[in-house]
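Open the structure in your viewer and keep the selection tool ready. This tour goes stop by stop, with something to select at each one.

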Amino acid sequence: NYMYQVPELFKVPEKKALRLDDGDLGYVLRHMGRELPSTTLCVHCESMEISRSPLFHGEWDVLPDKDTLSWYEKRSPDYAETVSALAAALLARKFRARAYLVHTSAGLTADMLAPLLRDEQTRRFVTVETCPHYLTSTVESEAGLLAKVNPPVRYEQDSERLWEGIREGVVNAIGTDHCNSSFEKKGGRSEQSRVKPGFGGVGLLLPLLISEGYHRRGLSLERIAEVTSSIPASVFGLTHKGRIAEGYDADFALVDLEDEFTVKASELNSASDYSIYEGMRLKGRPVMTVSRGRLVMDHGEICAEPGTGRYVKRT
């Protein structure tokens, strides 16, 4: 709705859309803070001045092994995200507008945001999100270019810093950035120029967090519930969602914490015929899912009828 109130800002030719800069971001956040304080702006943090610079392109284009995740990571380096994330956080605090920093990928970003988020006013207006693939996959992933995504997966030290960010409260939300496609539409895994960014992952959100977070790193189940449910529901104004409590919708998952299984794309109830986690051994599997008090998944079988879902409005 806000886009219709300031149309002059958004009437940008598609080919020039990535030229929006921090001045444009500040303009939007300033108006949000004044006129729509309950609105939340989701921000993809990537400095286009860095990532799209012809100077940087010239350096990267001469590197060998272009058909790798590590080459793609260099096209959008960690500091391109960090510079943008710092600007978004500072502008959100300055104009008292809500910013939700989506799919944070870099440990450097967590390092630089940590001091800012110790400030209560900044925490009030800024929420940092990451995704399971940034916690569990790196440029060394056996999935190769199937794991190509924006922003790119990075290095083990980035993943570990993001896990620590979840524990200390710098990272307060986890989404999936779910982008379903077939292997054919993805473009396979062989040539960088053919492979599109993005992949599915929503079906493995809890197994990955429980296996890698709870079992391997000692992250509490309560914290996993906060970053996947209660905090995102609060940020986006989804009343009656995100908690198991009187007056809330009866939405919850029952998980067998000791169930070990090997990831197979064919068993994920997905339109995608591949998974970047194929062959990965995980411990902790949802066995039942309840939505609004109705059983919708029972031991891997979808038992809800089409049309069961309902649109949830913000408040």
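Which residue stands opposite R98 in β2? Select T40: this residue stands opposite R98.

Before moving on, some ground rules. This is a predicted model, where local features need pLDDT of at least 70, side-chain atom pairs count only at pLDDT 80 or more, and totals for chains, interfaces and linings use all residues. Residues are numbered from 1 along each chain as its sequence is written, and side-chain values use heavy atoms, with hydrogens and water left out. Helices (H or I, at least four residues) and strands (E, at least two) are DSSP runs, numbered from the N terminus.

**Stop 1: the parallel sheet**

Select β1, β2, β3 and β4. These four strands form an open sheet in the order β1-β2-β3-β4, with parallel pairing. Two strands pair if DSSP finds at least two bridges between them. Strands of a sheet pair through backbone hydrogen bonds. Now pick β1 (40–43) and β4 (173–174): these are the edge strands, and each pairs on one side only.

**Stop 2**

Show α3 (residues 22–35). Helix α3 lies across β1 and β2, at about 160° to β1. Next show α7 (residues 78–95), which lies across β1, β2 and β3 (126–130), at about 160° to β2. Angles run from 0 to 180 degrees between N-to-C directions, and axes are lines fitted to C-alpha atoms, for helices over the stretch in contact. Contact means heavy atoms within 4.5 Å.

**Stop 2: the antiparallel sheet**

Select β5, β6, β7 and β8. They form an open sheet in the order β5-β6-β7-β8, and the pairing is antiparallel. β5 (252–262) and β8 (301–302) stand at the edges with a single partner strand each, so one side of each has no neighbour in the sheet. Zoom to β6 (residues 281–291) and β7 (residues 294–298), which pair over four bridges in the antiparallel sense. Highlight M288: its bridge partner in β7 is D298.

**Stop 3**

Show side chains: L205, L206, L209, I210 and Y214 of α13 make the contact with L221, I224 and T228 of α14.
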